[in-house]
Amino acid sequence: MQTFYGEKMKNVKLAGRYAKALYDFAVEKNQIEQVHQDVLHIMGVLKLNHNLCVVIESPIIQQSRKVKIFTDIFKAEVTDVVFGFLKLIIEKKREPELSLICEEFIKLYYKHHNIVTAQLITAQQASDNIIEKLRKIIEEKMKANVKIQTVIKPDIMGGFIVKIEDFIYDASVIRHINELKREFSQNMYQAGI
């Protein structure tokens with residue numbers, strides 16, 4: 001029996017292969033920038049349209065109907081390279097993995113263009129000045145172009161958290177409060193209180 005984790009890993013590998021095929025074909029056709037923009041557009045459409053995602057993932061809806069839906073939505077909006085790729089995905093019955101394929105394509109694009117994504121988590125919206133300073137610091141340290149995604153999480157109370165790939169720098173107020181709680185509980189235990 002396949003575990004959920006195993007199935008997820010299989011889907012990521014499959015999506016990675018399709019993403020690489022699209023990336024390589026876009027490079028071959030000298031359309032990588034256009035294809036990158038098309039993939040971002042598709043991701044945006046999928047993110048904003050839950051009903052479309054339900055249709056894409058439905059095994060009941062016939063492939064010909066899905067091609068018609070994709071034609072109506074994307075044909076005039078994307079390059080022929082990307083539209084042909086979308087039809088191929090439907091033909092191969094891989095359309096449920098479309099979002100994952102798009103994510104893997106973006107990872108490839110970023111890797112080949114030396115782009116690193118950083119997530120800045122704050123309790124309230126950070127100013128453009130602070131975001132720009134952080135971007136410059138990260139670019140200098142990582143010797144890469146940096147795209148910063150901002151996330152607002154009021155529960156961190158203040159300060160910030162920066163996530164870059166597997167690295168996390170937590171300077172949030174809530175982390176400091178939790179450290180103080182641990183320290184007080186250890187000191188009280190050691191003192192026998």
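A: Helices (H or I, at least four residues) and strands (E, at least two) are DSSP runs, numbered from the N terminus. Glutamate 104 sits in helix H6, which spans residues 98-112. The model is predicted, so local features need pLDDT of at least 70 and side-chain atom pairs count only at pLDDT 80 or more, while totals for chains, interfaces and linings use all residues. Residues are numbered from 1 along each chain as its sequence is written, and side-chain values use heavy atoms, with hydrogens and water left out.

Glutamate 104 counts as buried because its relative accessibility is 14%; buried means under 20% relative accessible area, exposed over 50%, partly exposed in between (1.4 Å probe, protein chains only). Leaving aside residues up to four places away in sequence, glutamate 104 touches Val12, Ala15, Gly16 and Ala19, where contact means heavy atoms within 4.5 Å.

Next come the pockets and cavities. On a 1 Å grid over the protein atoms alone, a cavity is a set of points where a 1.4 Å probe fits but cannot get out, and a pocket is an open set with protein on both sides within 12 Å along at least five of seven lines; lining residues have an atom within 4 Å of a point. Grid points are joined across faces, edges and corners, and a volume is the space filled by probe spheres set on the points.

The largest pocket has a volume of about 570 Å³. Its lining has 16 residues, with Ile106, Lys107, Tyr110, Thr117 and Gln149 nearest the centre. Helix H2 (32-48), H6, strand E1 (115-122) and strand E2 (145-152) each supply at least two lining residues, and E1 gives the most, with five.

There are two cavities of 30 Å³ or more. The largest cavity, of about 40 Å³, is lined by Leu22, Val39, Ile42, Val82, Phe85, Leu86, Leu98, Ile101, Cys102 and Phe105. H2, helix H5 (80-91) and H6 each give two or more residues to this lining; H6 gives the most, with four. The lining has 10 nonpolar, no polar and no charged residues (Ala, Val, Leu, Ile, Met, Phe, Trp, Tyr, Cys and Pro count as nonpolar, Asp, Glu, Lys and Arg as charged, and the others, Gly among them, as polar).

The second largest cavity holds about 40 Å³ of space. Among its lining residues are Leu46, Cys53, Leu98 and Ser99. Helix H3 (50-57) and H6 each supply at least two residues there.
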